Amino acid sequence: MALKREPTPAGAITELFDRLHDLHLDAGEPGVRQIATGIGRGVLSYTTVHNVFRGPKVPKWGHLELIVDQLGGNPEAFHVLWRAARLAELAIPGNQVAAASGPASVLSDDRPQEAVAAAPAAEVPGGRRFGFVLVTNRIPVHAHTTGNGVRSTCSAGLDQVFRDLVLQRQGVWVGWSRRDEEANGFEQTGGPPLMTVALTGREVEWHQEGQCSSTLWPLYHDAIERPEFRRAWRDAYRVVNERYADAVDRVAASGAAVWIHDYQLQLVPALVRERRPDLRIGFFLHIPLPPPELFTQLPGREEVLRGLLGADVVGFQRPRSVQNFVRLCADVLGLPVSDGSVDVGGRTVDVRAYPVSIDVGAIEGLVGQSRTRRRAQQIRAELGNPDVLVAGIDRLDYTKGIEQRLVAYGEILDGMRSVANPPVFVQVATLSRERVARYASLRERVDRLAGHLNGSYGRMGSPAVRYTNSALDFHEVAALYRAADVMVATPFRDGMNLVAKEYVASRLDDRGVLVLSEFAGSAAELPEAILVNPNDTDDLKDAILRAIAMRPAEQSRRMKAMRSRVRAHDSHAWITSVMADLDRAVRPV
């Protein structure tokens with residue numbers, strides 16, 4: 001190893017180095033002695049040693065733990081210092097360490113304010129505690145304020161379901177508000193109480209856009225796009241999950257029920273259990289859990305599995321994900337398992353499928369309003385009153401199969417050149433994760449494809465595809481559901497796909513046809529839809545043509561069956577099922 005004299009940084013990093021310096025005289029193994037002695041003499045800088053710890057074969061903390069152990073130190077105590085040092089590093093662009101006084105670093109004035117590390121979670125005024133805590137990656141907070149000067153939570157889809165749940169159980173909602181500039185804090189909004197978790201600009205980049213969007217999301221969706229694996233992202237993921245766990249610790253009453261959601265927070269259950277073993281903890285994964293052959297590619301896979309096993313109840317969308325998780329616990333962790341449970345040191349973790357659903361009553365009420373009916377008629381009129389209106393409503397994501405859908409529709413148009421009034425296709429593709437390169441590339445490809453179809457098959461004043469990236473409010477979505485004769489939801493892989501259920505719930509006339517991917521979780525509950533393999537262009541094209549040609553009596557038969565099933569298994573039934581199991585969880589003695 002080349003020894004290089006560089007200044008040793010201050011603050012948390014200095015304390016880290018001083019502790020190594022205090023131990024270096026007892027070094028026994030030659031490589032460890034060289035590192036420790038170099039630190040002690042001041043000739044090995046943080047940067048040099050940090051690069052050693054980041055080597056391709058040895059995890060950073062694993063290497064440090066070995067060094068400290070062989071130096072005769074206490075690895076657990078040193079781990080606390082290491083976490084503080086890593087948090088300080090996360091706060092600094094480009095990993096250039098500046099003066100730091102601990103986890104909440106005070107850095108030079110020329111550093112961008114958004115990169116300052118977030119402070120620990122704030123205390124609730126009056127020491128207030130709650131018997132129910134909902135934890136999600138983000139809290140859906142409006143940018144505007146109410147007449148009382150406080151922000152209010154939004155009111156659409158699952159966000160509204162969660163809002164109602166927290167209010168009903170007199171609980172608190174923990175999550176990121178997307179207001180990067182603000183610190184952690186407690187808010188009493190126009191709706192449920194909120195404990196907001198602050199993320200720095202660097203953490204948004206490494207945790208949200210890195211580990212979550214570029215590693216976990218593609219891996220969990222069958223590696224449709226190749227996942228990226230980076231150590232800095234994993235470190236940020238761990239730091240952010242710790243901050244959520246700290247927030248839960250501050251707001252949860254003794255014996256409270258805590259319900260944690262989704263892939264962004266998979267370490268939180270175990271971290272909460274470490275802090276608060278008195279709590280009953282549930283976790284729900286909204287996206288598919290991949291089979292072991294894919295999941296085992298994930299660096300730190302054991303940590304993720306043990307993070308989830310911190311819960312008393314682990315929920316998934318479909319039985320296949322339950323099977324994958326139980327098998328992973330047996331194969332990777334060597335734990336005793338049964339069909340629906342895992343034994344963790346004598347503690348039983350229940351593992352079950354809870355298919356997520358929608359608030360059918362709310363959707364039926366909205367669709368039944370006269371303004372929604374008028375808007376649906378207006379949409380069809382604006383499109384030239386077509387005989388058949390085909391629609392797709394998605395986030396712009398490579399898992400949704402939008403490109404393949406447009407290709408198939410282009411082939412349909414190619415065969416209808418002589419048709420006087422061909423079907424009209426509306427594709428809503430709401431932008432998401434625009435700062436992630438592969439999403440920007442996807443947008444360019446879909447834009448070009450839609451432009452090509454309009455140039456090839458569109459007519460004056462009548463484009464072949466009405467394509468928009470605009471985010472529609474839910475009233476506009478409901479009107480489009482009512483206006484569309486055919487809804488196409490054809491993802492390559494989807495945990496559930498609530499658009500399919502929302503379309504079914506909106507069809508008060510028992511008409512309309514749903515074309516649904518067999519790889520969407522909702523396909524198991526909606527077998528009367530036209531199920532399709534979205535990878536097969538011919539199959540997709542034939543399915544859309546069948547939907548266009550389906551007779552009204554057949555439409556009604558299928559839609560009635562689907563509506564009955566969705567109504568029986570709505571969001572209220574989903575919540576009731578999960579909460580009943582969580583409430584039955586055995587509290588630690």
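The largest nonpolar core of this predicted model has 95 residues, and those with the most contacts inside it are Val133, Val135, Val174, Tyr220, Tyr244 and Phe325. A nonpolar core here is a set of buried Ala, Val, Leu, Ile, Met, Phe, Trp, Tyr and Cys residues joined through side-chain atoms within 4.5 Å, where buried means under 20% relative accessible area, with a 1.4 Å probe and protein chains only. Helix α8 (residues 231–251) gives the most to this core, with 7 residues; helices (H or I, at least four residues) and strands (E, at least two) are DSSP runs, numbered from the N terminus. The core draws at least three residues from each of domain 2 (125–357 + 575–584) and domain 3 (360–568), with bounds that come from an automatic or database domain assignment.

Leaving aside residues up to four places away in sequence, Val133 touches Val172, Val174, Val248, Val251, Ala252, Ala257, Val258 and Trp259, a contact being heavy atoms within 4.5 Å. A second, separate core has 37 residues, including Leu383, Ala391, Val424 and Ala484.

We turn next to a sheet. Its 6 strands form an open sheet in the order β15-β14-β13-β16-β17-β18, with parallel pairing; two strands pair if DSSP finds at least two bridges between them. Because β15 (465–468) and β18 (530–532) stand at the edges with a single partner strand each, one side of each is left without a neighbour in the sheet. Strand β17 (residues 513–517) is joined to β18 by 3 bridges, and the bridge partner of Leu516 in β18 is Leu531. Helix α15 (residues 402–414) packs on the sheet, touching β13 (389–395), β14 (424–430), β15 and β16 (486–489), and its direction makes about 170° with that of β14; such axes are lines fitted to C-alpha atoms, for helices over the stretch in contact, and angles run from 0 to 180 degrees between N-to-C directions.

The structure also holds 11 aromatic pairs, that is, rings of Phe, Tyr and Trp (its six-membered ring) with centres within 6.5 Å, called stacked if the planes are under 30 degrees apart, edge-to-face if over 60, and tilted otherwise. Phe284 and Trp574 form an edge-to-face pair, 5.3 Å centre to centre with 70° between the planes. Phe284 lies in strand β8 (residues 280–284) and Trp574 in helix α21 (residues 571–584), so the pair ties together parts that are 290 residues apart in sequence.

Residues are numbered from 1 along each chain as its sequence is written. In this predicted model local features need pLDDT of at least 70 and side-chain atom pairs count only at pLDDT 80 or more, while totals for chains, interfaces and linings use all residues, and side-chain values use heavy atoms, with hydrogens and water left out.

Technical notes:
Buried means under 20% relative accessible area, exposed over 50%, partly exposed in between (1.4 Å probe, protein chains only).
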